[in-house]
Amino acid sequence: MEALWIDDLAEAPEGELRPVVWVRRLEAPAGDAAEGRLARRQTLKQLAGRVFQVSPEAVVLDRAEPGGLKVAAPRAAFASVAGRGALIAAALSPVPVGVDIEPAAPTFDLPFDALDEDAQAALAGLDPPARIRAFLRRWTAIEAHLKAHGLGFGQTAPSQVQARARPDGIALRGPGTRRTLAALHEDADHVAALVLLP
Ligand SMILES: CC(C)(COP(=O)(O)OP(=O)(O)OC[C@H]1O[C@@H](n2cnc3c(N)ncnc32)[C@H](O)[C@@H]1OP(=O)(O)O)[C@@H](O)C(=O)NCCC(=O)NCCS
């Protein structure tokens, strides 16, 4: 099952529930955590409204068990959201889904030592720009993998998930989770990853 990545809400598949991810750029980053949460929910409601052909206000979100968000109405659907700075990714899917997004130019020190040892070794010889990209691909893939399973770093540390680069994405395996393949979506300003559990 392949996902559709869109930059513009107008490109969303109307009336058809298939895996779709909207990468949205806000005019300004969310001011605080509460604003960020609201922006992620509004983004997901707009996407679900477009797909289900109702107004965003008619979309009802609910907490998924365990973790994350789901769409409860007008139709049940799996969902996942992520945000960093002015970037938001909202995913809607007929199967469990996890999404993550990070800016391509991070404004803080990346936790390179949070990856498993093989991944750290694979990144060690790279020059700084390539190393950052390689880290972000694995990091977003691990987050997407855990979110698809309803887990966060509170339950599973990132170093417990093996993340291997493949030509078609990042292959993941970790405790208490299924093996998955994260699809990557990269642009000049971001790296994003999506995991589906068919
Ligand atoms: C909570 C966590 C799932 C993601 O946190 P995050 O990267 O700060 O935030 P994101 O924007 O990517 O994702 C937030 C969304 O994850 C979802 N989420 C939280 N817990 C979840 C879980 N157990 N399962 C599925 N999704 C979950 C929520 O829907 C949340 O959005 P909401 O608060 O609007 O409902 C967790 O993996 C974590 O703590 N990450 C640490 C992040 C970090 O250290 N980043 C460094 C950057 S390199």
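Visitor: Which residues come nearest the ligand?
Guide: Of the 21 residues around the ligand, those that come nearest are Gly67, Gly68, Ala82, Lys147 and Gly152. To count as near a molecule, a residue needs its C-beta atom, placed from the backbone, within 6 Å of that molecule. Keep in mind that this is a predicted model: local features need pLDDT of at least 70, side-chain atom pairs count only at pLDDT 80 or more, and totals for chains, interfaces and linings use all residues. Residues are numbered from 1 along each chain as its sequence is written.

Visitor: What makes up the shell around the ligand, by class?
Guide: There are 9 nonpolar, 5 polar and 7 charged residues in that shell. Nonpolar covers Ala, Val, Leu, Ile, Met, Phe, Trp, Tyr, Cys and Pro, charged covers Asp, Glu, Lys and Arg, and the others, Gly among them, are polar.

Visitor: Which element supplies the largest share of the shell around the ligand?
Guide: That's α3, with 4 residues. Helices here are DSSP runs of H or I with at least four residues, strands are E runs of at least two, and numbering starts at the N terminus. At least three shell residues come from each of domain 1 (4-96) and domain 2 (102-196), with bounds from an automatic or database domain assignment.

Visitor: Why does Ala157 count as partly exposed?
Guide: Buried takes 20 or more other C-beta atoms within 10 Å of a residue's own, exposed takes 12 or fewer, and partly exposed is in between, with C-beta atoms placed from the backbone. Ala157 has 14 C-beta neighbours inside 10 Å, so it counts as partly exposed. You'll find Ala157 in the loop between α3 and β8 (162-166).

Visitor: Which residues touch the most other members of the largest nonpolar core?
Guide: Ala89, Val99 and Leu194, out of 49 residues in that core. Such a core is a set of buried Ala, Val, Leu, Ile, Met, Phe, Trp, Tyr and Cys residues joined through C-beta atoms within 7 Å.

Visitor: Where does this core lie relative to domain 1 (4-96) and domain 2 (102-196)?
Guide: Both domains give residues to this core, so it lies between them.

Visitor: How many helices and strands does the protein chain have?
Guide: It comes to 3 helices and 11 strands.

Visitor: Why is the protein chain called as compact as a globular protein of that length?
Guide: The globule rule is 2.2 Å times the number of residues to the power 0.38, and the radius of gyration is taken over C-alpha atoms. For 198 residues the rule gives 16 Å and the radius of gyration of the protein chain is 16 Å, so the chain is as compact as a globular protein of that length.
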